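Student: I have a structure open and want to learn how to read its features. Can we go through it together?

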Amino acid sequence: MNGSLHSSPNVVDIKLKRGPAGLGFNIVGGVDQQYVVNDSGIYVSKIKEDGAAALDGRLQEGDKILAINGVKLEDLTHKAVVELFRTAGEDVELRVLKKLSRHMNGPTGSRPEQESSVSSLGVLSVLAGAAAIVAFIYIRHLRKHF
């Protein structure tokens, strides 16, 4: 890989040798199944125990896979990326953007943007509901005194 992808201290190249159970991790994402809002990238969703990725130790849940054997994973469907993994051969080189702990929530690198939106929406809903209840009680109280 010639470095044409993001050059950052958080981008690493990881070489894995396919084992009896494959490369030993699951992925999510793609243009048809966005895992992170406004990001069609491919993310590691699960590292399988005793698989090639777990034994190597560098690939982690929540990492974003940028390329497989030099092929960029930009604007690809989930199915197309799965097919690239299937046909990648025994020795597979991954270019990976390591998850940043300040951007990811939880140990599995769950969807930070969606979680923030859902959390904010939930808080707003609870506050709106509480305000409606207080207003209802206040209006009923006023009517009793007139």
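Student: Which residues form a nonpolar patch on the surface?
Tutor: Like charges are joined within 9 Å, nonpolar side chains (Val, Leu, Ile, Met, Phe, Trp, Tyr) within 5 Å. Areas come from the Shrake-Rupley method with a 1.4 Å probe, and only the protein chains shown count as cover. Here Val-123, Leu-124 and Leu-127 form the patch, with about 310 Å² of accessible area together. Val-123 is found in helix 3 (residues 112–144).
Tutor: This is a predicted model: local features need pLDDT of at least 70, side-chain atom pairs pLDDT 80 or more, while totals for chains, interfaces and linings use all residues. Residues are numbered from 1 along each chain as its sequence is written, and side-chain values use heavy atoms, without hydrogens and water.

Student: How is a pair of aromatic rings described?
Tutor: By the distance of the centres and the angle of the planes. Rings of Phe, Tyr and Trp (its six-membered ring) pair with centres within 6.5 Å; planes under 30 degrees apart are stacked, over 60 edge-to-face, the rest tilted. This structure holds two aromatic pairs. Phe-25 and Phe-85 are edge-to-face, 5.5 Å centre to centre with 85° between the planes. The rings of Tyr-35 and Tyr-43 have centres 5.6 Å apart and planes at 45°, so that pair is tilted.

Student: Are Tyr-35 and Tyr-43 buried or exposed?
Tutor: Buried means under 20% relative accessible area, exposed over 50%, partly exposed in between (1.4 Å probe, protein chains only). Both Tyr-35 and Tyr-43 are buried.

Terms used. Patches are made of residues with over 30% relative accessible area and no salt bridge: like charges are joined within 9 Å, nonpolar side chains (Val, Leu, Ile, Met, Phe, Trp, Tyr) within 5 Å. A salt bridge is a side-chain nitrogen of Lys or Arg within 4 Å of a carboxyl oxygen of Asp or Glu. Helices (H or I, at least four residues) and strands (E, at least two) are DSSP runs, numbered from the N terminus.
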